[in-house]
Amino acid sequence: MRENVLLSNRITLWRVALLFLATLFVQPPGSLAAQDISDLAPAEIIRLGEQMYLKGLLPSGKPMQAYVSGDIPMEGTSFTCVSCHLHSGIGSFEANIATPPTNGRILYQERKPYIKGFENVPSYHRYASYFPVRPAYTDETLAALITTGFDPTGRSVLKVMPRYDLDDRDTAIMIAYLKSLSDQFSPGVSENEIKFATVIVEGVDPAAVAAMLLPLENQINRKNSQALTYQSSPRLARMANNVMGPDLGAKKFSLARWVLKGAPETWRAQLDAYYRAEPVFALLGGISDGEWEPVHRFCEENRIPDLLPQTDYPVLSNSDWYTLYFSRGVRQEGEAAARYLHSMYDLFAGRAVVQVVRDGRVGKALGEGFREVWATTGHPAPVEIVLPEGEALSGERLRQIVAEHKPAALLLWDDATVLAALEGLPDQAGRPGMVIASSSYLGKEMWNISESLRDLLYLTYPFRLPQEEGRFDVALKGVLAGKNPSDYDQKILRRSYIVGELLSKSLVQMRGEYYRDYLLDVVGMMADSVFPLYERLGFGPGQRYASKGCFIVQLGKGANPQLERRSEWVTQ
Amino acid sequence: MTKGITLVILCMAAITGFSPNRSAVAAEAPYKRTVESLSMPDVVLVNQKGEKVRFKTLVESGKPVVVDFIYATCTTICPILSAGFTNLQRKQGVDSAKFQLISITIDPENDSPPVLTEYLERYQARPGWDFLTGSRADINKVMNSFGAFFPNKMSHRPYNFIRTNDQGKWVKLDGMIGGRDLLNEIEKVGVK
Amino acid sequence: MGYPISGRCGVALALVLWGTAVGWLPPALAAEPVVDKKAFMVNDYRYEPPEGATANLDIGLSLCGTRCHALSENFASYIKPGGWRLIKIAGNVTIRVELNNPFLGGQCVCVGNEYKIDWYDAATYRDRSEIRTPAVE
């Protein structure tokens, strides 16, 4: 039996080769195709196949057995299909390793050294040349590839892909899944158009909505004008063709506004209705003052990508896939404070860390962020004091907290009303070595921190410093042409600009493979980039939060102070 | 007859492997081995437990050391490199403490100590395999000292570096090396 | 709403802008004021503890890394927006600063390169090869 032979981890390459040949010539043709899985419902086949593809787990629930580099036995959970072929199955690029598509549509076609219809598009041509030609796979040769590591031409892939020890039935389930993977282009894409939508929660300041919409609609307008050019000017069309190819070059984009009204519990029905009326390929941006979770769930369940909504409260998940966020939200500042203090904790000589948390969404998010990262360091839990909503922290109460706990570091997750309470702290005996507050929570009042507090008070600041950000106005000018920059919220505008950039770059890199999962795969593979607003922004395969950094800063001296960095963008 | 010829060709192909010098299949080519003089930077990195590690001290502890550059969410290259480390530890058994394996993340933004711990568990790492993160500037400095600077994590290369007994001399292995080959290379620098 | 583009010039401009967006053309730039500023970028650092102190050398080195890198500017954030260039004017410049940590004394020695920050008009300046990129970002 093939599977029994493969169980030996001492198997050598030539044995595998002979095994491959046996699969082709000795095994009765069609034996794998004939493997009967018709007792399983189609949806169950897909579920089991997806479990193998994404998690490396057999239908029995046990890990698949993989042999890496031909001879290293590893559990398939460490070597899942998705880790290289990605969610869409269209494959990945990393350094000099190109992983080919593994979706049935492409596997079951002959691979030529070019892509038909795209012979003169450099990026397509380059892509096609990465992979050797091969005949179309059949169920038998695909089964042989998975279980022996040899493709239909006899070429070994064992140096880059494990061979998997699967029995005939599990192999048949896997093949059925691959046939279903990235089979039809996703909804929202037609021959002439790609439809997008952006979600706007009613009640958000109209100026903020305008700042969010401006760069997106600008990008859509540019693309549509370009598509028009493509049809009317062959000379200019050639330039577009070289970058985008004839297919994307000719397509127009549309951006619908999905406005959500009323309580968040009612949003799902509204989203469903919008989607039923006009399915879109992806959601772009979007904006909410508070809740985003219902939109996140809608995207997850309908498998619709949402590129970078503007919310302070993203859904935190290690497994959800369809919404990409700018960051982990306001809580990321609490997390950064924990990492910063961890870097010097050994100097605290046993003194406590105290965090004062304003009861309310912002304070709680900051407090949670700090607490959770601090817990991973193994240090004693911080002393936590919750301030009731609406009740300002008094100087007296702060003095008591400091006198009682004598903290090495004090975290104040509160709004700008806390600044008055801090005034006497620098002179108090036994005061903390440093006080940390959130620049986002303090808001514009942080620029009014009194001189006497500036040595003691540190701020979390999750953006590029303002004095260095001005250089990026150059990039924004294209978006703002003819408009007054001060009419718009700069942070919202800049974030939305990033969405437009990300969209255009990823669509070009998708090479006409209009699958929603592939859009997310491509964004994941994109190089870290230098964009406005964030010092560093980038995903990575499977990563969901683009900006992981946050500076710790202090306010400099003088009447017109600048922020001064006290940390790097990321501290571990 | 035709079938017999095809069989022979396929057999030859399967045993020797085609080696067109392109991308995915370039990995079929043998790995490249060079010996380089490297000077280690004095920086403090952070291991999977969140502990500070003075990199120079760890590397120059006197034990044979193998270093690679990976990151937790990487696609093709890192799983293969890490399987090589898993294999080394398995094959050396209780003797795996004789040498130090060091993986250094090239994605310090994402790779916090808990992420590193989860990664090592996934590859069944034993004591003696540390996964280091740190500030980007310090990680860049370490990459530079190995002549392996990757400004973009998606363009890194499959390098293994083995510290030899000869002061400052490292064996650099460039390529998707198999488990047995890596073991042979380790043995060449004196680990038996 | 986005700004309207119409007519033949409009569509040509639109293509150029889309091209800019996808990164195959340099951004159209307006003139910017000439600045007279230097940027410092750290390559190396060390910790010098207070006289006689022998404890906390590792953590001091680590904190000096943070201190020196916080002083250091980001090369990419100068050259990526387009229009700015950095001209190296001195190498191995040493800056000595207080560690400035409330829990540990001592000084940090930050060693790096100094750059003159220069503005150029990217619309007329095409030879980007002259923008030298150091090995460290």
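Visitor: Which residues have the most contacts inside the largest nonpolar core?
Guide: Keep in mind that this is a predicted model. The largest nonpolar core has 232 residues. Those with the most contacts inside it are Phe196(A), Ala282(A), Leu283(A), Val356(A), Leu411(A), Val435(A) and Ala437(A).

Visitor: Let's pick one of those. What is Val356(A) in contact with, leaving aside its neighbours within four places in sequence?
Guide: Val356(A) is among the core residues with the most contacts. Setting those sequence neighbours aside, its partners are Ile385(A), Leu387(A), Leu393(A), Ile401(A), Leu411(A), Leu412(A), Trp413(A) and Asp414(A).

Visitor: Which strands are the edge strands of the seven-stranded open sheet in chain A?
Guide: Strand order in this sheet of chain A runs 12-11-13-14-15-16-17, with mixed pairing. An edge strand here pairs on one side only, and that picks out strand 12 (383-387) and strand 17 (563-565) of chain A.

Visitor: Why is helix 21 of chain A described as largely enclosed by the rest of the structure?
Guide: Helix 21 of chain A spans residues 516-525. What covers its buried residues includes strand 8 (282-284), strand 10 (323-324) and helix 20 (490-509) of chain A. Its buried residues are Arg516(A), Asp517(A), Tyr518(A), Leu519(A), Leu520(A), Asp521(A), Val522(A), Val523(A) and Gly524(A). The helix counts as largely enclosed because the buried residues number nine of the 10.

Visitor: How is helix 7 of chain A set against helix 8 of chain A: roughly parallel or roughly perpendicular?
Guide: Helix 7 (residues 139-148) and helix 8 (residues 168-180) of chain A pack with their axes 10 Å apart, at an angle of about 110 degrees. Angles of 65 to 115 degrees count as roughly perpendicular. So helix 7 of chain A lies against helix 8 of chain A roughly perpendicular.

Visitor: Which residues of helix 8 of chain A make the contact with helix 7 of chain A?
Guide: The residues of this contact divide into five nonpolar, two polar and one charged. Helix 7 of chain A brings Asp139(A), Leu142(A), Ala143(A), Ile146(A) and Thr147(A). From helix 8 of chain A come Thr171(A), Met174(A) and Ile175(A).

Visitor: What share of the residues of chain B count as buried?
Guide: The secondary structure of chain B comes to seven helices and eight strands. Of its 192 residues, the buried share is 51%.

Definitions and conventions
Residues are numbered from 1 along each chain as its sequence is written. Chains are lettered from A and ligands numbered from 1 in the order in which they are written. This is a predicted model: local features need pLDDT of at least 70, side-chain atom pairs count only at pLDDT 80 or more; totals for chains, interfaces and linings use all residues. A residue is buried if 20 or more other C-beta atoms lie within 10 Å of its own, exposed if 12 or fewer, and partly exposed in between; C-beta atoms are placed from the backbone. Helices (H or I, at least four residues) and strands (E, at least two) are DSSP runs, numbered from the N terminus. Two residues are in contact if their C-beta atoms, placed from the backbone, lie within 7 Å. Two strands pair if DSSP finds at least two bridges between them. A nonpolar core is a set of buried Ala, Val, Leu, Ile, Met, Phe, Trp, Tyr and Cys residues joined through C-beta atoms within 7 Å. Axes are lines fitted to C-alpha atoms, for helices over the stretch in contact, and angles run from 0 to 180 degrees between N-to-C directions. Angles under 35 degrees count as roughly parallel, over 145 as roughly antiparallel, 65 to 115 as roughly perpendicular and the rest as oblique. Ala, Val, Leu, Ile, Met, Phe, Trp, Tyr, Cys and Pro count as nonpolar, Asp, Glu, Lys and Arg as charged, and the others, Gly among them, as polar.
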